[in-house]
Amino acid sequence: MTDYLRIYDGVFSNEGYNRHPPSEPRFVYVMQALKKTHINSLIDIGTGRGTLLDIILKQYPHIALTAVDLNNYPHLKHVPHINADITKIEDRKRITGQYDILTCLDCLEHVEEEHITDILNMFLSLSNRFIFSIANHSDVINGVELHKIQKPFTYWMDRISEFFDITFFEAVYNGRLYLYECKRKM
């Protein structure tokens with residue numbers, strides 16, 4: 001079993017890792033989606049450095065945010081954080097509540113395929129609305145491939161559509177990043 005906490009604690013000790021500008025397509029898409037509807041709560045799975053939550057806090061301070069990641073890497077004030085490895089059943093059980101929207105940006109490709117079904121199923125207990133971005137390229141840091149799943153968008157379409165109705169899809173950066181907006185299947 002991969003010791004994600006050890007790997008990512010080491011990776012995040014590098015100040016340059018996972019630093020992305022607010023103009024990244026995934027952040028822009030989430031902010032456009034938030035503009036179109038009124039929401040009161042959002043849970044972000046795989047928060048990383050917290051760039052998305054920082055952007056949301058500045059534009060929509062009324063939204064109650066919850067961050068989930070292996071560790072509280074961004075140390076955002078006023079944002080509850082759940083330390084959890086979403087590949088572990090006992091950690092997934094600690095992620096509870098109902099949120100208007102769940103975001104999971106550049107996280108799913110970091111886990112082994114065998115965990116995807118359980119993770120997506122767990123997401124269903126948290127919200128009815130979802131935005132995913134999935135990177136489709138290699139990401140080797142310190143000799144470790146961080147992107148465990150590098151598959152075409154059709155792989156992700158099939159996996160996601162088992163649980164969700166996909167309402168939006170776009171491939172950006174010549175297929176190196178996939179954006180999905182989804183609703184819970186009825």
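Before I go on, some housekeeping. This is a predicted model, where local features need pLDDT of at least 70 and side-chain atom pairs count only at pLDDT 80 or more, while totals for chains, interfaces and linings use all residues. Residues are numbered from 1 along each chain as its sequence is written, and side-chain values use heavy atoms, with hydrogens and water left out.

Okay, back to Asp 106. Where is it? Asp 106 sits in the loop between S4 and H5. Those labels come from DSSP runs numbered from the N terminus, with helices being H or I runs of at least four residues and strands being E runs of at least two. Asp 106 touches Arg 26, Ser 133, Ile 134, Ala 135 and Leu 177, leaving aside residues up to four places away in sequence. Touching, or contact, means heavy atoms within 4.5 Å. Take Ser 133: it is 27 residues from Asp 106 along the chain, and their C-alpha atoms are separated by 5.3 Å.

Now look at strand S4 itself, which covers 101-105. Leu 102 lies in that strand, and Leu 102 is buried, with a relative accessible area of 0%. Its contacts, again not counting residues up to four places away in sequence, include Ile 43, Ile 45, Phe 123 and Phe 132.

Which residues of H3 are buried? They are Thr 51, Leu 52, Leu 53, Ile 55 and Ile 56. These buried residues pack against H2, strand S1 (41-45), S2 and S4.

Let's stay with H2 and H3. H2 runs over residues 25-35 and H3 over residues 51-59; their axes come within 10 Å and cross at roughly 35°. For the record, axes are lines fitted to C-alpha atoms, for helices over the stretch in contact, and angles run from 0 to 180 degrees between N-to-C directions. On the H2 side the contact is made by Phe 27, Val 30, Met 31 and Leu 34, and on the H3 side by Thr 51, Leu 52, Ile 55, Ile 56 and Gln 59. By class, that gives 7 nonpolar, 2 polar and no charged residues. Here Ala, Val, Leu, Ile, Met, Phe, Trp, Tyr, Cys and Pro count as nonpolar, Asp, Glu, Lys and Arg as charged, and the others, Gly among them, as polar.

The other helix pair I'd like to show you is H5 (residues 116-124) and H6 (residues 153-161), which pack at an angle of about 50° with their axes 10 Å apart. That makes H5 oblique to H6; the scheme calls angles under 35 degrees roughly parallel, over 145 roughly antiparallel, 65 to 115 roughly perpendicular and the rest oblique. From H5, Ile 116, Thr 117 and Leu 120 meet Tyr 155, Trp 156, Arg 159 and Ile 160 in H6. The class tally for this contact is 5 nonpolar, 1 polar and 1 charged.

Next, strand S2, residues 64-69, where Asp 69 is found. Asp 69 is buried, with a relative accessible area of 12%. Among the residues that Asp 69 touches are Gly 46, Thr 47, His 81 and Asn 83.

His 75 has a positive phi of about 50° although it is not a glycine, and at 62% relative accessibility it counts as exposed. His 78 is in the loop between S2 and S3 too, with phi near 70° and a relative accessible area of 78%, so it is exposed.

Last topic: cysteines. How many disulfides does a search of the whole structure find? It finds 0, a disulfide being a pair of cysteine sulfur atoms within 2.5 Å. Cys 107 is buried, at 12% relative accessibility. For Cys 182, the closest cysteine sulfur is also in Cys 104, at 11 Å, again too far. Cys 182 is buried, with a relative accessible area of 0%.

Methods: Buried means under 20% relative accessible area, exposed over 50%, partly exposed in between (1.4 Å probe, protein chains only).
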